[in-house]
Amino acid sequence: LLLVTECRGILDNNQRFSSLPTYLRVSYRVFSAETSFFLKEANQDFMRNSSLQSRVESFFPYKAKRPPILNASYGPFSVEQVVPQDLMLTSSFFGSANKFTYNWKLKAYIMSDKIYLSKPKVQVLFYIVGRDWDDYSTTERLPCLRVFAFRETREVRGSCRLKGDLGLCVAELELLPSWFNPPTVVTGRKKPPDQFEGSPVELYYTIQPGDEKGECTAEDIRKGNAIRPGKDGMDEAMSHLQRIGSVSLYRGQETSQLTELRLDSNIVVWLPSKPVKQGEVVNVYVTVANNSTVDQFILRAKVKKGVNILSAKTSDPRQWDVKQEVGNGGKHSTTTVICQRIAPSSRNRSNSLFNEVVQMNFEIASFSSLSGTQPITWQVEYPRKGTTDITLSEIFICQKDLVGIVPLAMDMEILNTAILTGKTVAVPIKVVSIEENSAVTDISESVECKSSDEDVIKVSDRCDYVFVNGKEMKGKVNALVNFTYQYLSAPLQITVWVPRLPLQIDISDTELSQIKGWRVPVVSNKRPTRDSDDEDEDERKGRGCTLQYQHAMVRVLTQFVAEDSSPWGQLSYLLGSDWQFDITDLVMDFMKLEDPHIAKLQEGRILIGREVGMTTMQVLSPLSDSILAEKTVTVLDDKVTITDLGVQLVAGLSLFLQPSAASSRAIVATTIAQELLHTPKQEAVVSTWIQFSDSSVTPLDIYDPKDFSLSAVSLDEAVVSIHQNSALKWPVVAAEGEGQGTLIKVDMMISEACQKSKRKSVLAVGNGNIKVKFGQNDADSDTGGDYDADEIENHASDRRHKVSDQERYGQDGRYYGSSSAEREEGTIRKVSTTAKSVIKNKVIKNNRLDGGKLLDDSQLQNIPIDFTNFPAQVDLPKGNAGMEENDLVQTPRGLSDLEIGMYALLGVFCLAILVFLINCATFALKYRHK
């Protein structure tokens with residue numbers, strides 16, 4: 001806990017405080033990332049960013065094919081750093097692939113979870129998710145996979161190597177016949193498994209690099225007992241075993257699967273669901289419903305050339321009489337089966353809903369392709385009742401023994417930014433078939449597909465990609481898209497993240513006022529708004545100028561959410577519920593103000609007041625008339641004054657990257673301004689913030705530089721000199737000799753076009769601290785002071801925070817840093833935080849504060865929290881005492897409501913104590929004789 005008893009620069013007035021804290025106004029940009037976001041963490045902005053010397057920003061590289069590069073710049077200074085892979089949680093499994101594998105994940109599919117003794121083989125397909133299929137290279141060295149099946153104390157192994165443009169392989173496990181026996185030992189009270197349940201077998205895999213040729217090594221990588229952890233002989237590979245799932249073993253034969261084809265309410269035909277090969281005989285079963293009263297019917301079947309009609313025989317000669325007639329045509333053949341009941345219907349003792357009447361046999365004589373279908377048309381005729389409609393069935397023909405199909409997606413997540421931009425987001429899809437010999441075939445051109453919920457995700461007509469186009473209503477975890485190939489089907493699970501609506505518009509100040517004394521040229525022909533006291537003077541000298549309105553910074557935030565698969569549809573959050581994503585760049589073209597005469601939006605990020613009134617900032621949907629977000633903005637009729645000018649000297653930038661303590665996928669970037677000038681003629685620029693009488697704070701560089709001017713004066717020409725840079729339009733400080741202290745005075749003045757007289761109208765004055773020591777940079781500075789006392793009196797002339805080794809290197813011992821100035825790599829920097837005003841601030845420090853930690857956020861301990869970096873009210877030099885009354889006059893500020901309340905409460909306590917003492921004295925005098 002950090003208790004601030006007095007901090008007039010920022011916290012003096014609690015009536016209205018800007019939502020944006022002060023920080024070094026550096027610009028961050030992420031390069032070499034397909035998709036990345038800057039983040040806002042709940043309740044962290046103020047604690048992290050309260051110093052003019054530094055800026056802390058969290059960001060999230062969502063998609064990247066190459067290592068992202070973070071760039072930080074301010075004025076002429078720029079620094080960038082490649083994000084280390086260990087900060088991005090890149091999987092070490094693919095270390096041998098010679099690729100940037102940030103988005104790569106390994107996914108496994110068990111082709112069949114029921115294994116029979118007649119076919120005791122387990123097949124597992126592996127493929128890499130998140131790998132760009134178009135970026136495939138034959139020189140890639142993808143790793144090998146070893147698969148293990150465990151049953152009691154026994155194991156079976158298999159292996160395969162990932163390869164090809166899809167990066168997949170199929171591993172086979174041949175199970176031993178003894179594994180299909182019941183378990184020899186049943187632990188505890190567990191009942192022996194029923195023969196219909198099957199015996200479970202667990203499957204695991206581990207990843208290992210291939211040899212020099214990329215092939216999988218044949219030697220065992222595991223020895224000893226691999227089943228029970230803790231036994232002797234278990235090697236290091238056991239700790240890397242990843243569970244795939246389980247399969248069930250059955251001793252019986254695999255039952256043939258039939259498909260029901262209902263011709264009407266009485267007759268049902270049963271056909272094989274699996275494909276057949278050339279020369280095989282297809283058995284078709286004709287049944288009658290148990291509750292049917294039909295005694296006679298005629299069944300007609302028609303087949304194309306290539307299918308031979310064989311015999312039809314009755315299934316129950318005591319109940320039904322069956323006669324068959326076959327007719328052969330040119331392209332078609334027909335068969336007519338006449339069924340007559342010869343005995344009354346007996347009560348069926350079975351639980352079956354149908355009674356089998358006749359079995360019809362067809363032979364597949366030829367086919368036109370390796371994979372196709374042969375149609376059979378069916379029709380039922382009842383004597384004296386007419387015929388039914390024709391029903392079509394299909395017999396699948398395939399020369400391959402297919403085990404199953406697997407839909408593969410290039411990525412298992414979709415970030416639905418189409419709702420924000422109107423641009424479709426798609427993920428490519430391929431579907432492969434797996435045969436019994438583990439051969440893999442691309443069948444993407446032959447599949448059919450359908451989305452289970454098009455309000456979540458859609459699929460293309462050719463089934464080659466899934467997409468979102470912005471018309472979706474919600475997101476979902478593991479949304480399903482079903483793919484079908486002949487008799488086989490398989491679902492694709494993909495997570496769709498959508499922005500949570502309404503979006504959040506974050507404005508640093510929603511109430512904008514005119515700034516007293518700050519006149520700017522009028523760009524329109526509209527009559528300027530003036531202070532009534534200055535009207536005559538403005539008519540004479542300041543024609544065409546009006547008072548400047550306050551500016552504010554704008555950003556649009558949201559969370560990406562998806563409903564989980566539970567019945568209640570609870571929300572899951574990308575990164576977590578405490579994180580918001582900055583999506584201003586995505587919606588910038590769709591932001592507008594309802595009344596642009598009252599305020600205007602500049603470049604989507606700066607709000608500027610224009611006229612007194614109230615308006616609404618809106619974010620519109622790119623696809624409809626709906627409003628995604630809105631926030632009210634008020635331009636007030638009152639006027640504010642500039643009370644303080646915060647000044648920070650920037651001689652260079654240092655950039656540090658750390659993992660976030662709140663999320664393993666977020667990265668925290670810290671940029672620190674270097675104040676030390678260590679070479680002759682080394683230059684530094686000025687960074688400034690202004691504070692207004694309404695307690696709002698704003699960086700000066702969001703205002704148009706044509707509307708003001710900054711001039712700086714060196715208070716010691718032997719140490720530093722000042723010159724104006726025409727390109728920057730800001731004063732530049734150059735080192736002349738060694739020294740330190742508050743040596744820079746900065747004046748902020750209105751533009752030349754609106755000056756009333758030759759005497760400059762000074763709006764605010766600030767002071768900057770600087771240190772010049774040749775041959776020594778910031779990293780070598782030994783100046784430092786720990787917070788050892790309970791109360792620290794901070795002088796603006798020289799104040800430093802010492803940063804410990806642990807704070808600079810982080811809890812994990814890693815150090816990430818780069819600098820735009822000259823410094824040695826890996827040197828521990830003593831970060832200096834310099835106060836900017838002459839006022840003394842007292843900071844009461846809790847004894848439990850260990851090493852300057854803030855809110856237990858260990859990853860940000862190296863950011864010095866210095867509330868005095870924003871100056872208190874600065875008294876103007878006496879030379880400006882003759883300033884006109886309408887110019888900015890610094891008036892002493894009265895007590896705030898909080899201070900008045902505290903003093904009143906203190907007075908009540910003192911009065912109560914006094915009454916208590918008087919009562920005690922009276923009681924003692926009254927009863928002293930007793």
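The points that follow concern a predicted model and treat backbone geometry, side-chain contacts, aromatic pairs and a surface patch.

1. Backbone: the cis peptide bond. The bond from Leu501 to Pro502 is cis, and its omega is near -5°. Pro502 belongs to the loop between strand E34 (488-499) and strand E35 (504-507). As background, most peptide bonds are trans.

2. Backbone: Ser438. This residue is not a glycine, yet its phi is positive, near 70°. Ser438 is placed in the loop that runs between strand E28 (425-435) and strand E29 (440-442). Its relative accessible area is 14%, so Ser438 is buried, the cut-off for that class being under 20%. For context, most residues other than glycine have a negative phi.

3. Backbone: Leu575. A positive phi also occurs at Leu575, about 75°, although the residue is not a glycine. Leu575 is in the loop between strand E40 (571-573) and strand E41 (579-582). Because its relative accessibility is 15%, Leu575 counts as buried.

4. With a relative accessible area of 1%, Ser696 is buried.

5. Is Glu717 buried or exposed? Its relative accessible area is 53%, and Glu717 is therefore exposed. The residue lies in the loop between strand E53 (708-714) and strand E54 (720-725). Its C-alpha atom is separated by 8.7 Å from that of Gly737, the two residues being 20 apart along the chain.

6. Aromatic pairs: Phe38 and Phe59. The model contains 22 aromatic pairs. In the pair of Phe38 and Phe59, the ring centres are 6.2 Å apart and the planes stand at 55°, so this pair is tilted. The pair links distant parts of the chain, with Phe38 in strand E3 (residues 35-41) and Phe59 in strand E4 (residues 54-63), 21 residues apart. Phe38 and Phe59 are both buried.

7. Aromatic pairs: Trp518 and Tyr703. These two rings form a tilted pair, at 5.0 Å centre to centre and with 40° between the planes. This pair, too, links distant parts of the chain: Trp518 is in strand E36 (residues 511-521), whereas Tyr703 is in the loop between E52 and E53, 185 residues apart. Both Trp518 and Tyr703 are buried.

8. Aromatic cluster and a charge over a ring. Phe37, Phe60, Tyr62, Phe560 and Phe581 are linked into a cluster by ring pairs. One of these residues, Tyr62, also has the charged end of Lys63 over its ring, 4.8 Å from the ring centre.

9. Nonpolar surface patch. Leu911, Leu914, Val915 and Ile918 make up a nonpolar patch on the surface, and together they have about 390 Å² of accessible area. Within this group, Leu914 is part of helix H6 (residues 897-926). Leu914 counts as partly exposed because its relative accessibility is 47%, which falls between the buried limit of under 20% and the exposed limit of over 50%.

Notes:
Residues are numbered from 1 along each chain as its sequence is written. This is a predicted model: local features need pLDDT of at least 70, side-chain atom pairs count only at pLDDT 80 or more; totals for chains, interfaces and linings use all residues. Side-chain values use heavy atoms; hydrogens and water are left out. Patches are made of residues with over 30% relative accessible area and no salt bridge: like charges are joined within 9 Å, nonpolar side chains (Val, Leu, Ile, Met, Phe, Trp, Tyr) within 5 Å. Accessible areas come from the Shrake-Rupley method with a 1.4 Å probe; for residues, only the protein chains shown count as cover. A salt bridge is a side-chain nitrogen of Lys or Arg within 4 Å of a carboxyl oxygen of Asp or Glu. Helices (H or I, at least four residues) and strands (E, at least two) are DSSP runs, numbered from the N terminus. Buried means under 20% relative accessible area, exposed over 50%, partly exposed in between (1.4 Å probe, protein chains only). Rings of Phe, Tyr and Trp (its six-membered ring) pair if their centres lie within 6.5 Å; planes under 30 degrees apart count as stacked, over 60 as edge-to-face and the rest as tilted. A charge sits over a ring if NZ of Lys or CZ of Arg is within 6 Å of the ring centre and within 35 degrees of the ring normal.
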